[in-house]
Amino acid sequence: MDEQSYDKTSVDSIHEFAKQLTGKSLGEVVYIPTALINDRNRGDLGSLVESFYFQHRPATNHGPDFPEAGLELKTTGVVKKSDGSYRAKERLVLTMINFESIVGEIWEGSSLLGKCRSMLILFYLYRKKLPVVDRIFVLDPLLYSLPNEDLEIIKSDWEFIKKKVESGKAHELSEGDTFYLGACRKGSGGEGEALRKQPFSDEGAKARAFSFKPSYMNKLIGERASSAKSLGVGQNLSFQEATAIRFDPFVGRSIEEISVLLDHHKKSPNHKGFHRELALRILAHGKDLPPELAKAGIEMKTVRIQQNGRPREAMSFPGFKFLDIVNEEWEKSSFFERLERKFLFVVFQTGPDGIERLLKVAYWNMPYEDRLEAMRVWEETKRRVALDATDLPKSSESLVAHVRPKGRNGNDKIATPQGGMHLRQCFWLNAGYLEQVIGGTGKQIVGNNSSIT
DNA sequence: GCATGATCATGC
DNA sequence: GCATGATCATGC
């Protein structure tokens with residue numbers, strides 16, 4: 001049934017009309033004046049779809065794209081994974097955060113809610129070199145109406161961001177502050193970028209926008225569905241409460257005890273993922289993170305503390321390539337992306353009796369000052385890789401992070417800018433830094449030291 | 001006991 | 001086969 005047109009007052013009609021784009025690019029369906037394409041790969045595909053496919057020009061720039069239907073139109077990129085399924089290429093930017101006006105808003109009348117309560121999201125296959133009008137739409141368009149199960153979480157994310165602005169800390173905003181909604185950077189990002197004023201501090205803040213995190217987008221796409229059961233976050237439980245309910249019965253118990261209770265045992269004496277597996281069985285009753293934590297992009301990490309209070313090890317992150325980092329920007333680097341996440345630490349400690357027990361569980365995200373220090377280490381690493389990839393920042397050079405090998409064995413070498421081969425490396429958070437962080441999370445079973453009061 | 005270098009075990 | 005999270009090993 002090919003429809004020639006649609007009813008702009010009807011969400012369903014707009015949705016049906018949009019479906020006819022799937023499998024095609026905008027450019028093959030309608031004529032786009034070349035002046036508007038302009039040889040640029042970037043461009044506002046959403047506006048082009050609205051103007052040339054829907055032939056629709058809203059009377060005003062304010063309000064939804066389709067005011068009569070109360071519908072917002074969004075286009076967003078996906079990339080194909082090796083197994084053929086899709087994942088979000090990036091976060092979905094919803095609307096700029098106006099630091100001046102958000103402090104006077106309430107959720108029910110907020111500009112964010114106006115944007116995201118009803119959206120039609122079209123997915124196109126991202127191809128870097130291809131102009132946006134030539135990118136193919138894939139998947140069915142998604143009619144998004146803020147699901148009940150996500151509403152409370154997104155609302156409290158919004159309130160957290162608002163509170164941070166009210167505390168004069170707009171410049172310290174981080175994606176790790178929140179769960180589904182992120183205060184993402186929006187702007188040139190260059191050295192000369194103009195900072196924005198914030199109402200309760202003289203400090204300039206980088207421009208930010210509300211966005212759905214990539215992890216949340218992936219869940220919407222439905223390509224990462226797992227069988228893991230919901231924790232029940234959102235209805236009447238916070239992340240902290242729901243997590244505490246799962247871990248409470250095991251806190252204080254020994255590894256041995258937990259292992260027996262869950263009937264999960266070490267496969268070998270050197271089973272390196274054992275503590276993590278126990279934690280996942282406690283938290284998720286399985287091997288996958290519960291859907292809420294997956295949607296929030298939570299980074300669950302196990303930390304093992306020795307009798308003397310120090311972590312047994314520093315904390316590693318995925319390896320990087322020498323040839324990549326020299327051309328990367330901090331805010332686009334994978335280390336930055338990791339450190340912007342919210343962490344869930346599952347902490348074990350060996351007691352004076354030599355027995356290791358589950359000590360506590362805590363949510364955490366990296367404070368502003370420490371993110372700046374991590375950036376310094378990253379920039380220093382980038383600089384030194386270009387000079388000599390075998391001489392990189394050691395843990396003695398920073399209180400927060402360092403660089404060390406990360407490989408399968410001594411043959412796991414990759415190319416350096418110097419033309420040689422050297423052991424693959426990754427970033428680590430120092431053991432001493434972790435000690436301070438874990439100590440700072442206090443004694444509670446589940447806390448969140450990122451909270452601002 | 002710690003910093004640094006080196007490597008393991010697992011799951012996909 | 002490979003990335004990943006995590007741990008082991010060595011020398012000071």
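User: Which residue in β17 does His402 stand opposite?

Analyst: Please keep in mind that this is a predicted model. In β17, the residue that stands opposite His402 is Trp428. As a general idea, strands of a sheet pair through backbone hydrogen bonds, and the pairing is either parallel or antiparallel. Here β14 and β17, the latter covering residues 425–429, run antiparallel and are joined by five bridges.

User: What is the order of the strands in the open sheet?

Analyst: The open sheet has three strands in the order β11-β17-β14, and their pairing is antiparallel. Because β11 and β14 stand at the edges and each has a single partner strand, one side of each is left without a neighbour in the sheet. On average, and with direction ignored, neighbouring strands of this sheet are turned by 30 degrees against each other.

User: Which element gives the largest share of the surface near DNA strand B?

Analyst: That is β14, with three residues, while β14 (401–405) and α16 (431–440) are the elements that each supply at least two residues of this surface. There are 24 residues around DNA strand B, and those that come nearest are Lys267, Lys394, Ser395, Gly407 and Gly410. By class, the surface near DNA strand B has twelve polar, eight charged and four nonpolar residues.

User: How many residues surround DNA strand C, and which are the closest?

Analyst: DNA strand C is surrounded by 16 residues, of which Arg276, Thr302, Glu313, Ser316 and Pro318 are the closest. The edge strand β11 gives the largest share of the surface near DNA strand C, namely four residues. At least two residues each come from α11 (274–284), β10 (299–305) and β11 (315–320). Sorted by class, the residues of this surface are eight charged, six polar and two nonpolar.

User: Where do the domains of chain A lie, as the domain assignment gives them?

Analyst: The assignment places domain 1 at 3–220 and domain 2 at 239–438, and the centres of the two domains, taken over C-alpha atoms, are separated by 32 Å. As for contacts between them, 14 residues of domain 1 meet 15 residues of domain 2. On the side of domain 1 that touches domain 2, helix α8 (residues 214–221) provides the largest share, four residues.

User: How many residues on that side of domain 1 are nonpolar, polar and charged?

Analyst: The side of domain 1 that touches domain 2 divides into six charged, four polar and four nonpolar residues.

Methods: Residues are numbered from 1 along each chain as its sequence is written. Chains are lettered from A and ligands numbered from 1 in the order in which they are written. This is a predicted model: local features need pLDDT of at least 70, side-chain atom pairs count only at pLDDT 80 or more; totals for chains, interfaces and linings use all residues. A residue is near a molecule or strand if its C-beta atom, placed from the backbone, lies within 6 Å of it. Ala, Val, Leu, Ile, Met, Phe, Trp, Tyr, Cys and Pro count as nonpolar, Asp, Glu, Lys and Arg as charged, and the others, Gly among them, as polar. Domain bounds come from an automatic or database domain assignment. Two residues are in contact if their C-beta atoms, placed from the backbone, lie within 7 Å. Two strands pair if DSSP finds at least two bridges between them. Axes are lines fitted to C-alpha atoms, for helices over the stretch in contact, and angles run from 0 to 180 degrees between N-to-C directions.
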